[in-house]
Amino acid sequence: MTKKATPKYGLKVINAGFLTLLQDAGRIQVMHQGLASGGAMDRHAWAWANRLLGNAYNTPSLEITFGGLQLESQVTTRIAVTGAEVSFTLNGTPQPLWSGINVMPGDKLQLGAAKTGLRSYLAVSGGFTVPQKLGGSCATLTREGTGGQDETGKKVAQGDLLPCNALSTKDLKKPLFKVPAENIPNYQQPLMLDVILGAQVDRFPAASLACFFNEAYRISPQTDRMGARLDGPALEVIGEKLISEGISLGAIQVTADGQPIILLNDRQTIGGYPKLGAVTPLSLDALAQRLPGSEVRFNAVSLYQAQLAEREFLQFFKN
């Protein structure tokens, strides 16, 4: 067996923080293999980090949950940090978020704890040079043992060297860009999630639907990349038990205790609980930045409205 070459240059991990993962846009056409899509939980912040650097849409970046990441650069490059409001320093000097930053060999980067929001995204010019083989993605899924730097699903750890290419002096002199203030979300504002009603909505009596769309729920501490569990008024479900079937991103399952669960990027691929509908992808981006205990409400939208908003999002970032 040929020994895998060790990367020589990149960003060295001094402290990996609570949870840091290599993520891109996620896997496609793998659910029939029992594999989840994975990918960045907040595509909006992740996509902006890459766009600031001129990277293609599916470029691998870091997803940092709760901050705490410390890196030392071994290359001349450019980075951008978006998402949660964290203190961000370069050699101890505060740096702006949602903006391109030039980095030199020996520079030390540090992200503090999140003040608002939950997940930060760090992109590097040209992206991290890691395999994107399975489903065209490097998405790290620790449960499945897929993706990441060595394709075994390991999270980023202290001592890792995250490989990336150096920028030329000419490239380093190009203008630095920042995200317009109106495009930076406020992760503290009340959250209204758009929902497309599903084929099993007839299993929920009118009183249950009225409750779901008029009452507030709170994000449970039992929430992770697989699903957002909600605490609130219990929903009545009628009808016989369902046969397990494929589950889409954002599907709202209602369990036996009547509490909804919004299934997220690392969800299981099949399930048998009734599904009221699905939260739209753009709303999931906002949900990804809310802490346990945060209040959420729901708003019904048409499939056409959701498709139009998603098309506009992808056209903007893919161009």
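The model is predicted, so local features need pLDDT of at least 70 and side-chain atom pairs count only at pLDDT 80 or more, while totals for chains, interfaces and linings use all residues. Residues are numbered from 1 along each chain as its sequence is written, and side-chain values use heavy atoms, with hydrogens and water left out.

Thr 20 lies in strand β2 (residues 19-23); helices (H or I, at least four residues) and strands (E, at least two) are DSSP runs, numbered from the N terminus. Thr 20 counts as buried because its relative accessibility is 1%; buried means under 20% relative accessible area, exposed over 50% and partly exposed in between (1.4 Å probe, protein chains only). Beyond its neighbours within four places in sequence, Thr 20 is in contact (heavy atoms within 4.5 Å) with Leu 62, Glu 63, Ile 64, Leu 69, Lys 155 and Val 156.

The largest nonpolar core has 68 residues, of which Leu 62, Leu 122, Phe 128, Ile 262, Leu 287 and Phe 298 touch the most other members. Strand β5 (residues 77-90) gives the most to this core, with 7 residues. Such a core is a set of buried Ala, Val, Leu, Ile, Met, Phe, Trp, Tyr and Cys residues joined through side-chain atoms within 4.5 Å.

Because 11 of its 14 residues are buried, β5 is largely enclosed by the rest of the structure.

| Partner of β5 | Bridges | Facing residues |
|---|---|---|
| β6 (residues 93-94) | 2 bridges | Thr 89 and Pro 94 |
| β7 (residues 100-103) | 4 bridges | Ala 80 and Gly 100 |
| β8 (residues 108-124) | 10 bridges | Glu 85 and Thr 116 |

In helix α3 (residues 206-214), the buried residues are Ser 208, Cys 211 and Phe 212. They lie on the same side of α3 because they cover an arc of only 95 degrees around the axis, the arc being that of the directions from the helix axis to the C-beta atoms. Exposed Ala 206, Ala 207 and Asn 214 are carried on the face turned away from the buried side. Among the strands covering the buried residues of α3 are β10 (191-197) and β18 (295-300).

Terms used: Two strands pair if DSSP finds at least two bridges between them.
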